[in-house]
Number of protein chains: 2
Amino acid sequence: MSTDAQDWFSSAIGALADQQGQRVWSVIISFLGDMAQGEGAGISSAALTRVITPLGIKPEAIRVALHRLRKDGWTESERRGRGSVHFLTPHGRAQSALVTPRIYCRTACTTPEWHVLIAGTPSGLELLDALSDQSQDSLIRVNRHTGLAPGPAPGQMAEMLVLDANVAEVPDWLRSQLYPQTLHHGCAALDAALQPLGAPPALDPLRRACLRTLIVHRWRRIVLRHPYLPERFHPEGWAGESCRQKVFALLDALPQPSLTELEQADPLPMMDVTPH
Amino acid sequence: MSTDAQDWFSSAIGALADQQGQRVWSVIISFLGDMAQGEGAGISSAALTRVITPLGIKPEAIRVALHRLRKDGWTESERRGRGSVHFLTPHGRAQSALVTPRIYCRTACTTPEWHVLIAGTPSGLELLDALSDQSQDSLIRVNRHTGLAPGPAPGQMAEMLVLDANVAEVPDWLRSQLYPQTLHHGCAALDAALQPLGAPPALDPLRRACLRTLIVHRWRRIVLRHPYLPERFHPEGWAGESCRQKVFALLDALPQPSLTELEQADPLPMMDVTPH
């Protein structure tokens with residue numbers, strides 16, 4: 001690997017490393033979701049450690065996070081030789097599959113057809129709660145009594161006023177409610193961090209895995225915190241679409257390594273390991 | 001006039017006379033709106049008394065009601081000879097004109113196109129209040145934050161989520177909210193009272209005026225207490241459309257007399273004057 005490539009990698013990691021402290025279990029979920037979501041796809045403790053220690057995560061923190069993920073039913077581990085191999089559980093795979101289309105969606109939302117559900121009874125409100133808990137995009141809550149959902153109105157929906165709707169005007173209060181200030185700033189910060197990186201040089205599988213994990217992790221924390229809505233819902237200056245372009249330009253230039261490549265890789269030299 | 005016609009008139013008055021006690025000022029407004037809404041159209045105290053005493057209203061109550069209507073700016077009076085002539089004021093005419101299309105609308109609502117306004121700020125709520133106060137049909141309040149209005153969405157509507165909408169499903173709670181039990185029963189009672197009357201015989205101008213006033217008055221109290229909405233919004237057993245048919249069949253068979261005819265008419269004989 002050229003010194004230029006090593007330098008580019010180090011500065012990319014430095015630029016993208018999460019300022020606000022990263023949750024290690026969440027980084028591991030980002031990695032597994034990106035590279036080991038299939039049934040039977042697992043990674044050894046040693047290989048996982050090689051992939052994510054360059055993000056400034058200590059091996060001990062990885063052990064603690066894996067313990068927590070097992071306890072919460074997200075992963076399961078199998079002893080193999082001197083170490084363990086970690087897999088998503090069926091529950092973990094299902095949760096991961098639920099958000100994968102949203103995380104890896106390359107196109108801006110242009111849904112033209114919506115429907116509105118308006119509740120007026122306690123059981124109607126419970127149904128709205130259930131629908132909005134199900135996924136952030138299946139029902140966008142406008143207020144306690146009202147939800148907006150993509151597509152045409154369902155055939156049967158007891159206890160609700162149901163309207164097929166086209167959005168004519170979006171007010172600022174709704175924009176700020178759907179895209180809170182912290183999300184807005186977080187997205188602008190990621191966009192600014194991605195801006196100077198440019199096209200990556202050729203990188204080995206381990207560095208690609210490390211950088212993909214970091215990019216997916218950062219993007220996931222933006223994209224899963226707001227609903228999938230057309231541009232007219234976006235607050236002024238919203239960097240989400242510009243961010244999306246940059247994220248997928250990078251991921252496309254950093255092809256997914258195989259798990260075998262990661263198992264066989266040598267650890268990165270120390271100089272690469274500490275974020276700036 | 002035949003005895004049959006006199007009998008028919010007496011039983012029609014008896015059947016339609018308001019059980020719950022009628023507000024005299026409101027009966028007078030019904031009369032003026034029906035027969036003296038034009039600029040310069042007025043009626044003398046004597047003629048008005050001839051028209052509405054058959055409804056069981058005492059001349060003294062008419063004097064009190066006319067005093068109240070003047071005080072509230074609905075009517076003005078002019079001395080002429082030994083008596084007074086009463087007119088709607090410009091304000092009274094405007095108020096009357098506002099509800100005339102709704103009272104005299106012969107067709108059920110079939111509006112296919114609606115729009116929804118959803119407020120999320122105090123000034124948005126104030127705007128909703130202002131729109132729903134303006135008239136019962138310009139904005140149908142679904143809940144505090146939400147209004148449904150006929151026609152396509154207006155071009156500009158600050159601080160509101162505005163949606164063009166087609167109604168897909170109407171829940172029972174909204175039906176009961178828009179058509180409360182007392183209105184539902186009142187409408188069924190009027191429908192039942194109209195049912196046995198059949199086609200009226202030929203009646204003189206005074207009896208026609210008296211009966212038109214009573215019919216318009218009863219219908220007005222039904223029709224102005226619910227919004228103009230398509231059948232899917234009606235509660236089960238809603239008699240409004242059946243009532244509407246009967247009201248206009250009767251009004252068509254009781255042609256509007258001229259004010260001159262009413263001024264020149266002799267009072268009805270006493271036997272007609274007391275409701276059963």
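Select strand S1 and strand S3 (residues 83–88) of chain B: the two pair in the antiparallel sense over three bridges. Strands pair here if DSSP finds at least two bridges between them; helices (H or I, at least four residues) and strands (E, at least two) are DSSP runs, numbered from the N terminus. The model is predicted: local features need pLDDT of at least 70, side-chain atom pairs count only at pLDDT 80 or more, and totals for chains, interfaces and linings use all residues. Residues are numbered from 1 along each chain as its sequence is written, while chains are lettered from A and ligands numbered from 1 in the order in which they are written.

Within this pair, pick Gly42(B), which stands opposite Phe87(B) in S3(B).

Next, select helix H3 (residues 45–52) of chain B, which packs on the sheet and touches S1 and S3 of chain B. The direction of H3 makes about 85° with that of S1(B). Such angles run from 0 to 180 degrees between N-to-C directions, with axes fitted to C-alpha atoms, for helices over the stretch in contact; contact requires C-beta atoms, placed from the backbone, within 7 Å.

Now display the whole sheet of chain B. Three strands form an open, antiparallel sheet in the order S1-S3-S2. Strand S1 (42–44) and strand S2 (75–80) of chain B are at the edges, each with a single partner strand, so one side of each lacks a neighbour in the sheet.

Finally, turn to chain A, where the domain assignment (automatic or from a database) gives domain 1 (3–107 + 181–272) and domain 2 (114–165).

Methods
Contact = placed C-beta atoms within 7 Å.
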